[in-house]
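This briefing sets out selected local features of one protein chain. Please consult the sequence and the coordinates alongside the points below.

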Amino acid sequence: MATVQFSASPFATRRLPSFGGLRPSMVRLSSIQPFRETLSQSSFRGLVVKAATVVAPKYTSIKPLGDRVLVKIKAAEEKTLGGILLPTSSQTKPQVGEVVAVGEGRTIGKNKVDISVQTGSQVVYSKYAGTEIEHDEAKHLILKEDDIVGILDTDDVKDMKPLNDRVLIKVAEAEERTSGGLLLTEATKEKPSIGTVIAVGPGPLDEEGQRKSLSVTPGSTVLYSKYAGNEFKGAEGSDYIALRASDVMAVLS
């Protein structure tokens, strides 16, 4: 089996580049002891790059099964609102797409539950959900219906209709000053976890496939979990977040 041996090198530490604040003077090569490490498959698990599965042209259609949905991904924005061309590395990965096919649904208890989105609908989905595939020279995503956050009837996220147990919240603006009156800079403003409920979904399904209404209602001011949900920027510049009702911790009044 192939092995590789590492040993201390005689060159000066001043030739080492700086990585993320680590100065060359902080590296002591004399303290590095020679060792041997066997190269194995586990050594490269962190280097695996996920790529979209390419569906050959001979397959002309894709039919999702169960509660899965096939979504054609919307292309990333190549320019800012001001018309500035964005490099590929700066283009935001979209979370919006068009439903092109749906599964037959699922059975919960004794009831058959159909997919709640239709082909042609514009939907917003969770950021890391689904499996990406390339079909008919376009990128698609196969995901579960529960990974769809909501339906867009317009291009503005504030008009999104949440699905299942999702809640759409308009995030409160960050405080400009401390309680003592000191003015806060943009870098020191704390991200708020408070907002106003704009819309709620029809509720989750129980064990019999019936909808259970949510305990929060539009217009309520709520406190939500700090690291939950999917964040969006509205057309008017306001911040929104879509999260599950279970991530709402309290109603403020």
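**Asn-164 and its surroundings**

The side chains of Asn-164 and Arg-211 are joined by a polar contact of 2.8 Å. The model is predicted, and the points below are grouped by residue and element.

- Asn-164 lies in the loop between strand 12 (161-162) and strand 13 (166-171).
- The phi angle of Asn-164 is positive, at about 50 degrees, although the residue is not a glycine.
- Most residues other than glycine have a negative phi.
- Asn-164 counts as buried because its relative accessibility is 8%, under the 20% cut-off.
- Leaving aside residues up to four places away in sequence, Asn-164 touches Glu-145, Asp-146, Gly-201, Pro-202, Gly-203, Pro-204, Arg-211 and Leu-214.

- Strand 13 runs antiparallel to strand 17 (residues 239-244), and 5 bridges join the two.
- Ile-169 has Ile-241 as its bridge partner in strand 17.
- Strand 13 also pairs with strand 14 (residues 194-200), in the antiparallel sense and over 5 bridges.
- For Val-171, the bridge partner in strand 14 is Gly-195.

- Asp-136 is placed in the loop between strand 9 (131-135) and strand 10 (138-144).
- Phi of Asp-136 is near 55 degrees, which is a positive value in a residue other than glycine.
- Asp-136 counts as exposed because its relative accessibility is 67%, over the 50% cut-off.
- Asp-136 and Asn-164 can be read side by side: phi is positive in Asp-136 and in Asn-164, whereas Asp-136 is exposed and Asn-164 is buried.

- Lys-74 is found in the loop between strand 4 (68-73) and strand 5 (96-102).
- With a relative accessible area of 42%, Lys-74 is partly exposed, because the value falls between the 20% and 50% cut-offs.
- Lys-74 and Gly-97 are 23 residues apart along the chain, and their C-alpha atoms are separated by 4.9 Å.

Terms used
Residues are numbered from 1 along each chain as its sequence is written. This is a predicted model: local features need pLDDT of at least 70, side-chain atom pairs count only at pLDDT 80 or more; totals for chains, interfaces and linings use all residues. Side-chain values use heavy atoms; hydrogens and water are left out. Helices (H or I, at least four residues) and strands (E, at least two) are DSSP runs, numbered from the N terminus. Buried means under 20% relative accessible area, exposed over 50%, partly exposed in between (1.4 Å probe, protein chains only). A polar contact is a pair of N or O atoms within 3.5 Å; within protein, one must be able to donate a hydrogen and the other to accept it, and residues adjacent in sequence count only if both atoms are side-chain atoms. Contact means heavy atoms within 4.5 Å. Two strands pair if DSSP finds at least two bridges between them.
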